[in-house]
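Here are my notes for our chat. Have the viewer open while you read, and go through the points in order.

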Amino acid sequence: MSAAILEPSSSPALVPNKADAASRLALRHYEIEPGISAIYRLEGSTESDLDPFILLEVNRDTIAAGIMPLGFPPAPAIGVLHPSIIVEITPEELFRVQAGSLPLPNGWRITGQIHRRVAEL
Amino acid sequence: MPTPSEWSVAYAIQSRADLDAWELLRGQKLPNCELLHCLQMACEKLSKSYLCASGTLPANLQSSHAYTAKQLPLIVRHVLDIENARPGLARDLLQFTKRAAREIELLSPSVEDDGRRPDNCEYPWEDTSGRLRLPVNYSFPIEQLLQERHGRTLLKLIRTAITRLTG
């Protein structure tokens with residue numbers, strides 16, 4: 001993809017820390033997806049720094065299709081040096097996740113929320 | 001036994017072949033439904049490629065064609081991330097992609113929006129007024145979308161996403 005097509009933004013600083021990388025990507029996604037109402041971190045019981053970070057994105061503009069994780073490689077151009085896994089669900093599906101009727105795979109659990117105002121710092 | 005990565009690349013290679021066919025056929029005098037069938041298959045296989053890479057069992061992907069509307073916007077968003085596209089442009093492209101991805105998914109005869117959208121690029125159907133419709137002379141909503149500026153960009157982003165998996 002040539003730069004002329006997408007007119008990239010100026011390069012941000014790289015963030016080597018996994019938690020910071022997760023916040024950086026969340027910031028980006030809040031910014032470009034108005035339908036996202038919340039983003040949560042998910043973690044497995046044996047996760048290491050080498051594993052991808054996992055974001056549970058609650059998006060009113062997506063389709064309810066259950067839990068379908070998608071893995072992505074790092075995105076250095078926006079400062080994200082870690083691979084990621086994105087789980088995108090609707091607000092209604094979030095209620096089911098929280099109620100336990102829509103279970104997360106691989107022993108994943110919600111470990112925290114990345115707030116829009118925090119991500120935008 | 002093939003690994004998830006091998007399945008992913010295999011789906012991506014087939015997706016690339018479908019997209020190659022789409023581009024080749026665009027220069028031919030053929031009904032648009034034939035071209036659109038190639039595009040629908042390319043997007044479906046690209047979506048399944050990413051799902052395979054993420055651990056979804058290929059056997060679980062056989063029974064449905066309804067993956068494009070959900071997964072293609074996420075895949076395109078990743079390409080926009082790795083290209084560091086300007087946020088305003090990325091926002092516009094993503095909104096467009098969600099509309100286009102749903103229309104592409106509806107090209108499959110097995111996806112009909114609970115009977116509200118029987119139009120598809122493969123088989124004749126009866127519309128709500130009882131009229132028989134044929135894909136070969138039907139104007140699909142996605143055709144107009146692809147003529148828009150973002151439509152042309154979306155096709156390039158799909159190609160980029162495939163190339164990142166196939167090399």
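1. Let's start with one side chain: is Trp125(B) buried or exposed? Trp125(B) is buried, at 7% relative accessibility. On this scale, buried means under 20% relative accessible area, exposed means over 50%, and partly exposed is in between (1.4 Å probe, protein chains only).

2. Before going on, some ground rules. This is a predicted model, where local features need pLDDT of at least 70, side-chain atom pairs count only at pLDDT 80 or more, and totals for chains, interfaces and linings use all residues. Residues are numbered from 1 along each chain as its sequence is written, chains are lettered from A and ligands numbered from 1 in the order in which they are written, and side-chain values use heavy atoms, with hydrogens and water left out.

3. Back to Trp125(B): what does its ring pair with? Rings of Phe, Tyr and Trp (its six-membered ring) pair if their centres lie within 6.5 Å; planes under 30 degrees apart are stacked, over 60 edge-to-face, and the rest tilted. Over all chains, the count is five aromatic pairs. In one of them, Trp125(B) and Tyr138(B) are edge-to-face, because their centres are 4.9 Å apart and their planes sit at 85 degrees. Tyr138(B) is partly exposed, at 23%.

4. Trp125(B) also pairs with Phe140(B), this time tilted, with 6.4 Å between centres and 50 degrees between planes. Trp125(B) is in strand β1 of chain B and Phe140(B) in the loop between β2 and α5, so this pair ties together parts 15 residues apart in sequence. (Helices, H or I and at least four residues, and strands, E and at least two, are DSSP runs numbered from the N terminus.) Phe140(B) is buried, at 2%. Ring pairs link Trp125(B), Tyr138(B) and Phe140(B) into a cluster.

5. Now look at where the chains meet. In contact (heavy atoms within 4.5 Å) are 31 residues of chain B and 36 of chain A. The two chains bury about 3000 Å² between them, 58% of it on carbon and sulfur atoms. Buried area here is the accessible area (1.4 Å probe) that two parts lose on being put together, summed over both.

6. Which residue forms a salt bridge with Glu33(A)? Arg77(B) does, with the closest N and O atoms 3.0 Å apart. The rule wants a side-chain nitrogen of Lys or Arg within 4 Å of a carboxyl oxygen of Asp or Glu, and there are four salt bridges between chain B and chain A.

7. Last stop: His78(B), in helix α3 of chain B. His78(B) is buried, at 5%, and touches Phe72(A), Pro73(A) and Pro74(A), leaving aside residues up to four places away in sequence.
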